[in-house]
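Subject: A structure for you to explore

Hello,

Here is the structure I promised to pass on to you. Please open it next to this email, and then follow along with the notes below.

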Amino acid sequence: GGLGALETMLEDAAALTGTAQLDFSHRAVLVLCADNGVVAQGVSQTDQSVTRAVAENLAARRTSVCQMAKTARCEVVPVDMGMAGDLVPGVVNCRIAAGTQDFTQGPAMTRAEAIDAIAAGIALVRAQKAQGVQLLATGEMGIGNTTTSSAVAAVLLGQPIETMTGAGLSDEGLARKMDAIRRGIAVNTPDAADPLDVLAKLGGFDLAGLCGVFLGGALEGIPVLMDGFISGVAALCAVRLCPAAAKAVFASHCSSEPAARLVLEALGKAPLLTAGLHLGEGTGAVASIPLWDMALAVYRGCYSFAEGGITPYTPQC
């Protein structure tokens with residue numbers, strides 16, 4: 001027990017994969033990109049063009065997560081789940097539509113679109129497994145997706161909007177964001193007992209796709225690393241849809257987003273890192289990967305007490 005969560009992490013991974021011969025040398029971070037119609041309500045500092053700009057830089061391997069992934073020996077896989085505008089070269093095309101609708105005016109997407117996005121996330125995991133990937137990190141990029149995530153989390157957790165909403169806005173901007181969420185919930189009356197209904201009415205294509213990634217990890221026996229608040233809400237959706245999916249969900253860090261810890265607690269997951277990260281893109285998930293390498297190094301290479309000439313410890317009362 002001396003290595004704490006590094007030990008239980010490998011135990012959980014062995015249970016998921018069905019083998020004690022663990023190997024996570026081939027890993028990737030899936031960065032799901034999508035635009036959100038609720039941006040029309042002034043909930044973000046920037047417009048939707050930034051989603052596309054970051055996707056282009058992801059494809060060119062210039063962003064923060066790309067630099068961190070090089071160090072962690074992790075492949076970056078940017079995915080278009082539903083961005084506005086044309087397709088971006090070098091970004092995997094899983095587009096459901098060119099962005100969601102403004103959820104203050106009605107559902108963000110249809111139930112069928114939500115199912116399609118979840119299915120696309122599952123398919124991404126299967127494709128990565130076919131390429132030999134053994135560990136997946138999750139990331140996202142989508143202007144307005146803290147608003148969609150806060151709305152979904154507030155309904156699923158039965159928490160006040162004020163508790164679940166944040167992300168670096170002025171007081172005036174934060175008030176607009178909370179008002180948009182409040183109106184979206186009132187207009188759509190999502191059913192908290194039906195996660196798919198909540199996701200379709202208030203979520204985004206990136207959120208639904210990530211939900212599918214966690215479900216796919218459980219189906220395919222691949223550990224999936226949560227990033228911060230947004231991918232945590234996606235994991236929450238997956239676990240609410242299928243409680244057994246929790247076995248594939250591995251927490252990486254606790255975001256500085258106000259509601260991130262509440263989501264972790266709801267999932268019963270403990271973060272490896274607490275570094276005040278809130279960048280997104282999967283940076284927190286990728287930052288935790290070297291800890292997997294260190295845990296595996298001890299697991300594979302350390303000596304036993306007998307081999308080291310040490311008398312085994314006796315548990316003390």
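Let's begin with a pair of residues: Val 79 stands opposite Val 92, which belongs to strand β3. Please keep in mind that this is a predicted model.

The strands

Strand β2, residues 74-82, pairs with β3 in the parallel sense, over 2 bridges. Both strands are part of an open sheet of 6 strands with parallel pairing. If you walk across this sheet, the order is β3-β2-β1-β4-β5-β6. Which strands stand at the edges? They are β3 (92-93) and β6, and because each has a single partner strand, one side of each is left without a neighbour in the sheet.

A residue in an edge strand

Now look at β6, which covers residues 249-250 and includes Phe 250. Is Phe 250 buried or exposed? With a relative accessible area of 7%, Phe 250 is buried, because buried means under 20%.

Leaving aside neighbours within four places in sequence, Phe 250 is in contact with Met 9, Asp 12, Ala 13 and Leu 16, with Pro 223, Val 224, Leu 225 and Met 226, and with Trp 292.

The cavities

Next comes the empty space inside. Rolling a probe the size of a water molecule over the atoms shows where such space is left. How many cavities of 30 Å³ or more are there? The count comes to 2.

The largest cavity holds about 50 Å³ of space. Its lining includes Met 226, a residue that is also in contact with Phe 250. Among the other lining residues are Asp 227, Phe 229, His 253, Cys 254 and Leu 264. The largest share, 3 residues, comes from α11. By type, the lining of the largest cavity divides into 6 nonpolar, 4 polar and 1 charged.

The second largest cavity holds about 30 Å³. Of the 11 residues that line it, Ser 150, Met 164, Gly 166, Phe 229 and Glu 257 lie nearest its centre. This lining divides into 5 nonpolar, 4 polar and 2 charged residues.

Enjoy exploring, and write back with any questions!

Best wishes

Technical notes:
Residues are numbered from 1 along each chain as its sequence is written. This is a predicted model: local features need pLDDT of at least 70, side-chain atom pairs count only at pLDDT 80 or more; totals for chains, interfaces and linings use all residues. Side-chain values use heavy atoms; hydrogens and water are left out. Helices (H or I, at least four residues) and strands (E, at least two) are DSSP runs, numbered from the N terminus. Buried means under 20% relative accessible area, exposed over 50%, partly exposed in between (1.4 Å probe, protein chains only). Contact means heavy atoms within 4.5 Å. Two strands pair if DSSP finds at least two bridges between them. On a 1 Å grid over the protein atoms alone, a cavity is a set of points where a 1.4 Å probe fits but cannot get out, and a pocket is an open set with protein on both sides within 12 Å along at least five of seven lines; lining residues have an atom within 4 Å of a point. Grid points are joined across faces, edges and corners, and a volume is the space filled by probe spheres set on the points. Ala, Val, Leu, Ile, Met, Phe, Trp, Tyr, Cys and Pro count as nonpolar, Asp, Glu, Lys and Arg as charged, and the others, Gly among them, as polar.
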